Amino acid sequence: MIQNLLDGVLTGSFLSLGAIGLTLVMHILRFANFSHAELLSIGAYAALVFDRLFEALLPVFAAAFAPLTLTGALVLALLVSMVATGASAVLIDILVFRRIRENGRELSMVFASFGMALVVRNLIGLVFGLHSQLYSPDIAFATVLSFDPLILVKPDQLFVFVAALAIMAVLHLVLTRTTFGFALRAVAENPALAQANGVNLRAMITAVWLIAGALAAAAGVFYGLSHQITPVMGRDLVLPIFAATIVGGIGSVNGALLGGFIVGIATNLSLVILPAGYTPAVPFLMILAVLLVRPNGLFGEARE
Amino acid sequence: MIGVVSYLVFFATVAAILAIAVLGLNLHWGNTGLFNGGVAAFFGAGAYGTLLLGGTPQDGHLGGFGLAYPAALLGGMAAAAVMAWLVGVLTLRLRHDYLAIATFGVAVAFETLMRNAEWLAGGAKGVRGFERPLRDALGDGFLYNLLFLVAVLVVLVAVYLFLERLIGSPFGRLLRAIREDETAARSLGKTPAQVRLTAFVTGAVIMGLAGGLYGTFYAFVSPQDILPTLTFQIWAMLIVGGAGNNRGAILGAFLIWGAWTASGWALSRFAPVEAQLYTGSVQFVLIGLVIVGMLLWRPEGLLPERLVVSQSGSSSRTQEGV
Amino acid sequence: MSDPTAPEAILEAHGVTAGYVRDLPVLHDVSVRVARQRVTVLIGPNGAGKSTLIKAVAGQVTVFAGTVTHEGTDLTRLRPDRLAAHGIAIVPQTDNVFRNLTVRQNLALASRGTGAAARLAAVFDRSPVLADKRHTKAGALSGGQRQVLAVAMALAKAPRLILMDEPSAGLSPKAAAEVLAMVRRLTAEGVSILLVEQNVKLALQMADHVYILAEGRNQVDGPAAALRGDRIVADIYLGGKRIAAA
């Protein structure tokens, strides 16, 4: 059970990153973005491409930071991928969502996001193949924390946890210490008042997509590091990430952070009582529970 | 050797079955403004229900009650009704995007359950052992398929007429009233929640009917038939045809199913052998682009509401679009 | 109104027809002139369109016809986020602070731009209450304190014109009197003010010039002193005389 708890915390690391981006988008743009999880796929595959590229161009970066399987090339690739995925998110908004939004039909955006999810996911499959891939061919040996009960942890998992927290800490600082951060939170709370205070809405929306894309890229890479990279990773993560945002309350970054860990831990703990095949249903049950008991989640506020 | 006519019969049967499901979705979305992201679940409830109730006993899982076909089909529809009632009571009061997520989750949970609960419905192996009705009398040949198509078309027309009358009826006016101004409707003593629930369950029953017919046609159903992609396909059909519009729903079903099978055929015929694995991906990219494209350039669908001749005196439709 | 000794106008709304939906304008051909360094007050019965005029100036509501000119610049279809750049600040009636941000964060946002630090410091100097609660979330402040913050956010922009929508709404008589005093002080410091006020007595005490609107149209306007004793104000409020538009 402790192993499950640990695995849950690891899962929570990247669910939180994915959920933070989604909660911002859902709150500010007011639509359930079913294509958000595909940004994680884009991030993971972009990092794969750049990783191979950097390893080829700069062989010195191909060395791993033992005992992690993480290489310098992958770190660089992650950073580049964050930028690339952010840009992709902005591009998708410009091409698809913005036009629909400016014609005033919020609900069409949800359908459009269904469509975009299909397109992105299957394009990735066509370009990269349907098989699963890994960043590193090296086998990562797990460290045994305890023999009885058996508790294993891979160094990569620790890295993912620490890195995810670091990214979230940076975001927290931006949101609580910079005027840009205040402006972002202002737009989330009251767009008209934000404009009266000189905030340019379109610029902020672009910023939100950039941030959401960057966080999703990190989440995707971390998922790829601790599991594997497949074209369907987005499809598999859609519901857990939605669950995390709903548990935390749509619009709350802290809520998404907590929600991610809660969903990750609950899903993994459920393995104690349920066969593994049932775990995809756990996020749904959590959504149902939250919507019944406390529809605004932990920290959300109704916004109509 | 499947002749062209035979193939067309096959195609039309499936298209008509899916059209029934799209009509159900139109009642949810076009008429009542409910965002059902889990169409596959209600479709699946009908399919599984019908096959479990009407099939012969099987090892390893429930079902095989061997009921007469009409009873089995009604049983499948009842299963869809019960599921819709439960889901509806819990989720219909939610905001649109929450409802989409919640119903999407229902479909995922249902598919997960069916995939894993081998004792219930065979798990990933699906439900077999179902005898198509009147198979003994008519055999398995072209005649049977033709008669089956006719039967499905009759059902399609019946559902269409039922829905058209429903929309023109006082209940239909009530639906529109609640869509337009819920507070006013409530002040007239109507309970919006109750009305929406009725519409939701009715639409789900129609989807269950479609599912039952689908299962009957193939005499087999498995979790592969109720993946979220089915929901997307049915939504695409409604978006293309025209939401809020029953004729559009049927048109959309035939068009999208036609495009799907045509692209599938073209890909398997012309794509190199090594690429055969990817035909599904190409099809999904295409359907995704169709959905997005329609929403960008013609969100009201191919048959917008205003082109439909409304029944004189008994209904007035407001422009409804996606 | 063409009194040669009158101060020049900082803002002129001329023939403004505006509203939320194109076919249903709330304002019809409304003209208002805000004199420099004076308090101009809009009064009138509920639904008269007073708040809508403020919002039209701020770019929050669409202007279908007419012009809005500020210091000679045409601001008729102003993009709402450009308001502050033109030296205009607005204090909305409700939801006028960011409850999730602290007092300091609210003010930091409001005072962005060149000289931000100085303006922010000035606000805290002026208002010990806000300085004291600078790390409190605005949502945790009392109603009166939030109002003080909302006004401070407007002042933090060092505006030349302030638009206020019912600044005394929901305040105790004492607090409302403080608002009155503050408004008069501001004009002494060179700021021009256009405000909407529901309380007629307070309005007539605060104002230099008063416009009465009803049913989305101009009715009467004049110096506050002249209108104070005038029965026509009472008539319009009690539903009597309306000066119908042509």
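I count two residues as in contact when they have heavy atoms within 4.5 Å. By that rule, 43 residues of chain A are in contact with 43 residues of chain B.

Before going on, I note that this is a predicted model, where local features need pLDDT of at least 70, side-chain atom pairs count only at pLDDT 80 or more, and totals for chains, interfaces and linings use all residues. Residues are numbered from 1 along each chain as its sequence is written, chains are lettered from A and ligands numbered from 1 in written order, and side-chain values use heavy atoms, with hydrogens and water left out.

Between chain A and chain B, about 3800 Å² is buried. Carbon and sulfur atoms give 80% of that area. On the chain A side, Phe111(A), Phe114(A) and Leu118(A) lose the most area to chain B. Together they make up 17% of what that side buries.

Next I turned to chain C. Here 18 residues of chain A are in contact with 22 residues of chain C. The area buried between chain A and chain C is about 1800 Å², with 55% from carbon and sulfur atoms.

How many salt bridges are there between chain A and chain B? I needed the rule: a side-chain nitrogen of Lys or Arg within 4 Å of a carboxyl oxygen of Asp or Glu. The count is zero. Between chain A and chain C, the count is also zero.

**Entry: helix H1(A)**

Helices (H or I, at least four residues) and strands (E, at least two) are DSSP runs, numbered from the N terminus. I checked the length of H1(A), residues 2-29. The expected span is 1.5 Å times one less than the number of residues.

In H1(A), 23 of 28 residues are buried. Just after the helix, Arg30(A) has a positive phi of about 60°.

**Entry: strand S9(C)**

Five of the six residues of S9(C), residues 209-214, are buried, so the strand is largely enclosed by the rest of the structure. Two strands pair if DSSP finds at least two bridges between them. S3(C) runs parallel to S9(C), joined by four bridges. There, Ile43(C) stands opposite Ile212(C). S10(C) pairs with S9(C) in the antiparallel sense over six bridges.

Methods
Buried means under 20% relative accessible area, exposed over 50%, partly exposed in between (1.4 Å probe, protein chains only). Buried area is the accessible area (1.4 Å probe) that two parts lose on being put together, summed over both.
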